[in-house]
Amino acid sequence: MTENLKHSLDSISSSHSPHRPSKISKTTDDLSDDEQQQQQQQQPESMSQRPGIQRYLLAIEYIGTRFSGSQQQSNCRTVVGVLEEAFHKFIGQPVSMFCSSRTDAGVHALSNVCHVDVERISKRKPGEVLEPHEPAVVKRAVNHFLQKNEGDVMVIDVRSVPANFHARYKAQERTYFYRLLSGAEPLSTFEKDRAWHVPEELNLRAMQEACKVLVGHHDFSSFRAAGCQVVPNLLIVGQITNQNIR
């Protein structure tokens, strides 16, 4: 975790704060040879990249209230759509963004990770390929345009990565937080769109006991479509506390 509480892409998985999960706490570089081979078999075969194109890995945070999800959709405002528009204004040509995790409408993200390929073309001499931008320049420029578009998305870290690094297929861990607030009183103004309000009092001990069946390694093959590339074996580490329950 950096000093300003925004994780860099080098954040390690030892940070267990319920407020700020690490960006990429585990990648295929941390896996055994057998695990890496299994992961590579799931990656798209076509990952070639033309000379002069730089792949960037971005960590982003966003408030999902005004988004129809993260993935690109026609006639809808999405996180990827806003990011691609900002990059287009920055480099003057369209790009395609790939996220490590999809989020639905109204879902927020503290640290979703995406990758994008950028070819830097001279604006003074069209057709001339220039050296790639430094990551810090990409972060500053893209955020400039994002702030002009509602300001509910922000790039919090950028790094240059090899052409075969894929935000989705290289990611090994994803962390989700579900916040519930119980009680008869209405939600605080600051909690609206940030938590699910349950008017009834919740039985915390019963919830903790019920969640024990989810913790551990599970095979979720029956929940995925035929031909899905996602590994069905999933390790769930769950915890319910009264931190967010009143």
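Two strands pair if DSSP finds at least two bridges between them; helices (H or I, at least four residues) and strands (E, at least two) are DSSP runs, numbered from the N terminus. With that in hand, hello everyone, and let's look at strand 2 and strand 3: they run antiparallel and are joined by three bridges. Here Cys99 stands opposite Cys114 of strand 3.

Before going on, a word on where this comes from. This is a predicted model, where local features need pLDDT of at least 70 and side-chain atom pairs count only at pLDDT 80 or more, while totals for chains, interfaces and linings use all residues. Residues are numbered from 1 along each chain as its sequence is written, and side-chain values use heavy atoms, with hydrogens and water left out.

Now the overall layout. The chain has five helices and eight strands, and along the sequence they follow the pattern α-β-α-β-β-α-β-α-β-β-α-β-β. Of its 246 residues, 35% count as buried, meaning under 20% relative accessible area, with exposed over 50% and partly exposed in between (1.4 Å probe, protein chains only).

Back to strand 3, please. Strand 1 also pairs with strand 3, in the antiparallel sense, over nine bridges. In that pairing, Ile53 has Glu119 of strand 3 as its bridge partner. Nine of the 11 residues of strand 3 are buried, so this strand is largely enclosed by the rest of the structure.

That brings us to the nonpolar cores, each a set of buried Ala, Val, Leu, Ile, Met, Phe, Trp, Tyr and Cys residues joined through side-chain atoms within 4.5 Å. In soluble globular proteins, nonpolar side chains tend to be buried together. Which residues touch the most other members of the largest core? Among its 27 residues, they are Leu83 and Phe87. At least two residues each come from strand 1 (53–62), helix 2 (79–91), strand 2 (97–99), strand 3 (109–119), helix 3 (135–146) and strand 4 (153–161). Helix 2 gives the most, with eight residues.

If you click on Phe87 and skip neighbours within four places in sequence, its contacts (heavy atoms within 4.5 Å) include Leu58, Met97, Val116, Val118, Val138 and Val142. There is also a second, separate core of five residues, among them Leu57, Val113, Val161 and Phe165.

One last stop, in helix 3: Asn143 lies there. Is Asn143 buried or exposed? Asn143 is buried, with a relative accessible area of 10%. Leaving out residues up to four places away in sequence, Asn143 touches Met154 and Val155.
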